[in-house]
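The reader is asked to keep the sequence and the model in view throughout.

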Amino acid sequence: MTSVLAEPVQTAPKLTRVSVELVPRSRTSLRTELAELSSTLGNVQVVNIPDFLRYRMRSWEGCQMAREHVPEAIPHIRAIDINPREPLKMADFLREHGLSEVLIIEGDAPSDMSQRTYDVTSLDIIRKFRRELPEVSVWAGLDPYRQSFTRERDYAEAKLEAGAIGFFTQPFFDRRLMDIWAELLPTRQVFWGATSVTTERSFSYWQNRNKAVFPSSFTPTLEANRAWAQEVLNFAAEVGGHTYFMPIKESLSEYLGGIL
């Protein structure tokens, strides 16, 4: 009797949360993008929204709109905008609208100096959120390009000690760098970032302004960016983390359709 070997069992990838970052330029534009997301990207569970001072809508207000389309929404909070001596001004809004997660970033100094900022760090504001909104989960930022591996890793560990549950990274463009950071970080709670870079201008911006690391084989084409988006999604599933995507020039469906 001949034996028949069974087909190898295909194991399902580990569950990973998928977020899309949307810019709240106006209520109309955000509503349009949210409708497109709902109709074309069925695997997106989270929307994260940055806070830009040049727009009237604040990040938490955009997240209120987003929750009409996705289960979860995460507003970015700029640490330097927070007065450390006053109660958090958005606390009641977050509670009222069931926004249970935030992302604390340092924040760049505003070009309009009429905007008040404060001499605080992300660590200060992470601790402030933990004191005043203990029911809210706090994410922190991680930038693999701004300083040495050791200094950024130590800063990441300090953010965890201050009360952060994990990180949103700056967008990656090189799998080898992601592998290094997956080994360095003391937590698997990471939203690994990717963004679309499809013009020479945007390539120059990321390389020169943000000091991003690109592989020598990188090409700023939509096809290459879609392939990289799929690779980042696979990577997050392999390491047990999460993923967020930041569309720039392309529509959500152009960049991520068929991937999410």
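This is a predicted model: local features need pLDDT of at least 70, side-chain atom pairs count only at pLDDT 80 or more; totals for chains, interfaces and linings use all residues.

Glu238 is partly exposed, since its relative accessibility is 48%; the term covers values between buried, under 20% relative accessible area, and exposed, over 50%, with a 1.4 Å probe and protein chains only. The side chain of Glu238 meets that of Arg175 in a salt bridge, at 3.1 Å from N to O.

Residues are numbered from 1 along each chain as its sequence is written, and side-chain values use heavy atoms, with hydrogens and water left out. Helices (H or I, at least four residues) and strands (E, at least two) are DSSP runs numbered from the N terminus.

**Salt bridges**

A salt bridge requires a side-chain nitrogen of Lys or Arg within 4 Å of a carboxyl oxygen of Asp or Glu. By this rule the count comes to 12 salt bridges. Three of them are set out below.

| Glu72 | Arg17 | 2.9 Å |

The salt bridge between Glu72 and Arg17 links distant parts of the chain: Glu72 is in strand β3 (residues 72–78), Arg17 is in the segment before β1 (18–21), and the two are 55 residues apart. Glu72 is partly exposed, at a relative accessible area of 29%, whereas Arg17 counts as buried, at 19% relative accessibility. Both residues also belong to a network of salt bridges that links Arg17, Glu72 and Glu101.

Glu135 counts as partly exposed at 45% relative accessibility, and Arg95 counts as partly exposed at 44%.

**Aromatic rings and charges**

Rings of Phe, Tyr and Trp (its six-membered ring) pair if their centres lie within 6.5 Å; planes under 30 degrees apart count as stacked, over 60 as edge-to-face and the rest as tilted. By this rule there are 17 aromatic pairs. Why does the pair of Phe168 and Phe191 count as stacked? The ring centres of Phe168 and Phe191 lie 4.3 Å apart and the planes meet at 15 degrees, so the pair is stacked. Phe168 in strand β6 (residues 166–171) and Phe191 in strand β7 (residues 190–195) are 23 residues apart. Phe168 is buried at a relative accessible area of 4%, and Phe191 is buried at 0%.

Phe173 and Phe214 are also stacked, with centres 4.3 Å apart and planes at 25 degrees. This pair links the loop between β6 and α6 (175–184), which holds Phe173, to the loop between α7 (200–209) and α8 (222–239), which holds Phe214, across 41 residues. Both Phe173 and Phe214 are buried. They belong to one aromatic cluster together with Phe203, Tyr205, Trp206 and Phe218.

A charge sits over a ring if NZ of Lys or CZ of Arg is within 6 Å of the ring centre and within 35 degrees of the ring normal. Arg54 lies over the face of Phe52, at 4.7 Å from the ring centre, and Lys159 lies over that of Tyr155, at 4.3 Å.

A nonpolar core is a set of buried Ala, Val, Leu, Ile, Met, Phe, Trp, Tyr and Cys residues joined through side-chain atoms within 4.5 Å. The largest such core has 83 residues, and those with the most contacts inside it are Ile104, Phe129, Trp192, Phe245 and Leu260. Helix α8 provides the largest share of this core, seven residues.

Contact means heavy atoms within 4.5 Å. In α4, the buried residues include Ser122, Ile126 and Phe129. The buried residues of α4 pack against β3, α3, β4 (101–105), β5 and α5 (149–162).
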